[in-house]
Amino acid sequence: MRHSPLTALLYKQPEGTPAARIVQTLGEHGALSATQLARITGLAKSTISTALASLKDSNMVIEGAWAVRGKSPGAGRPAITITLNPEVGTCVGVLLGVEHIQVILADVTHAVISDASTAMNSDYTPREAVAVASKLIEQAYKSYGLSTDTMLGVGIAVAGPINPRDGKILRASGVPTWAGVNIAEEFKRVLRRPVIAENESNCSAIAELMWGVAKGCDDFVFLTMDMAVGGAVVLRGQLVSGNAGAAGEFGHICIDPNGPQCRCGKRGCLELYAGLERPLSRYSSAQGGPVTIEDVISRAVEGDDVCRAMIRDTAHVAGRGLGIVTSILDPGLVVVGGRLAMAGDLLLAPLRTSFETHSLVRQSGPNPDTDTQIRGSAFSGRGACLGAVGLVLRSCGRSG
Ligand SMILES: [Zn+2]
């Protein structure tokens, strides 16, 4: 597989130079004005102008007269925005879900080109994951007439913590056979491109940081509420991995030491009460057939008392768990994702009430500046694959 000259140029920016910082910042933010670039990078406007001139000459960045999001361009005079040249490269995000694989293809201006999924049997092997994802990637490039030479890198969202030292999946209790696998290496061997693998909840947090409700907020906590419970911690705009890659695994906070056994081997974990796996299994048995999270939400929206109670009960325990999390981290923002977040206020209202009861720093304290905001995900609980694209975009301009 051949790299395009522009792709090579993207990774040849010497680290720390104004040009490299501009490339990194545009990779992370998409379109920006020169003023925004100066503010974010901390570089003088004159330095930005000089570096931009050289980047334009080499066709790395282009200008357009588009409105800058969140800022009025002024009467009759649109702001000139700067983006990386979309021809510089494309990025791929892959979500290795429990029962499906999703692939998103995007360009360096953050435009999503394609989004496709394939259903998988549960506990599929890493080798099957690489084969299926590679085929989806190849189809995406072919359908849109793009050359895979433009592929800058691939981000992989995987269910399980990844050891930051050796890149191996630590303990994927959802997909037990994957423990010890270096999934990034498996993909790299086939795709021969830079590959970055991250925990699924960490990827969701990156999507919120780059495009969602955490945009502009460098310190926040992400809570995944789905069949299982996960989470992520973002500090100063960076993911916190922890010593073993398990930072933010809120689902395994012990709520009741005498409670039932969790899939992690411990007893009474938060996920047993705030995840939908157990209540949904009981409800499905009572209904005489399988019921999905989406079914529970739509029935709850229609007024079904049992489904509403199921969501409310998980919210109550999640609020207690968040009380513990915020006692340690005191974040200004908690973003709630996972499919259960699609229930909106049916989940968030009781969650906020429970959080108020169980936390020291409350949402409605005497000083609004110190409140902890709890918001639903911007991506209907499906931001992980987009966040995997974000991993690659955030690596633009860094040596790779
Ligand atoms: Zn557990």
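Two strands count as paired if DSSP finds at least two bridges between them. Thr90 stands opposite Met151 in β7. The model is a predicted one, and the pairings below are read from it.

**The five-stranded sheet**

An open sheet of 5 strands runs in the order β6-β5-β4-β7-β8, and its pairing is mixed. The edges are taken by β6 (112-119) and β8 (195-199); each has a single partner strand, so one side of each is left without a neighbour in the sheet. From one strand to the next, the twist averages 15 degrees.

Helix α7 (residues 200-211) packs on this sheet, where it touches β4, β7 (151-158) and β8, and its direction makes about 100 degrees with that of β8. Helix α13 (residues 384-393) lies across β4, β5, β6, β7 and β8 and runs at about 140 degrees to β4.

Strands of a sheet pair through backbone hydrogen bonds, in either the parallel or the antiparallel sense. Strand β4 (residues 90-96) pairs with strand β5 (residues 100-107) in the antiparallel sense, over 7 bridges. These two strands, β4 and β5, form a hairpin with 3 residues between them. On its pairing with β7, β4 has 7 bridges, and the two strands run parallel.

| Residue | Opposite residue | Strand of the opposite residue |
|---|---|---|
| Thr90 | Asp107 | β5 |
| Leu95 | Gln102 | β5 |
| Thr90 | Met151 | β7 |
| Gly64 | Thr81 | β3 |

**Burial of β4**

In β4, 7 of the 7 residues are buried, so the strand is largely enclosed by the rest of the structure. In a regular strand the side chains alternate between the two faces of the sheet. Thr90, Val92, Val94 and Leu96 point one way from β4, Cys91, Gly93 and Leu95 point the other way, and all are buried.

**The three-stranded sheet**

A further open sheet has 3 strands in the order β1-β3-β2, with antiparallel pairing. Its edge strands are β1 (32-33) and β2 (61-64), each of which pairs on one side only. Helix α2 (residues 18-29) packs on the sheet and touches β1, β2 and β3; the direction of α2 makes about 95 degrees with that of β3. Strand β3 (residues 81-84) is joined to β2 by 4 bridges, and the two run antiparallel.

**A loop residue**

Arg171 lies in the loop between β7 and α6 (183-191). Which residues does Arg171 contact, leaving aside its neighbours within four places in sequence? The contacts of Arg171 are Pro161, Ala179 and Cys264. Pro161 is 10 residues away from Arg171 in sequence, and the C-alpha to C-alpha distance is 6.7 Å.

**A nonpolar surface patch**

On the surface, Ile324, Ile328 and Leu329 form a nonpolar patch, with about 280 Å² of accessible area together. Ile328 belongs to helix α11 (residues 305-329). Is Ile328 buried or exposed? The cut-off for exposed is over 50% relative accessible area. Ile328 has a relative accessibility of 68%, so Ile328 counts as exposed.

Key:
Residues numbered from 1 in each chain as written. Predicted model: local features only at pLDDT ≥ 70, side-chain atom pairs only at ≥ 80, totals over all residues. Heavy atoms only, no water. Patch = residues over 30% accessible without salt bridge, like charges linked within 9 Å, V, L, I, M, F, W, Y side chains within 5 Å. Areas by Shrake-Rupley, 256 points an atom, 1.4 Å probe, with all protein chains shown as cover. Salt bridge = Lys/Arg side-chain N within 4 Å of Asp/Glu carboxyl O. Buried < 20%, exposed > 50% of the residue type's maximum accessible area, 1.4 Å probe, protein only. Axes fitted to C-alpha atoms, helices over the stretch in contact; angles between N-to-C directions. Contact = heavy atoms within 4.5 Å.
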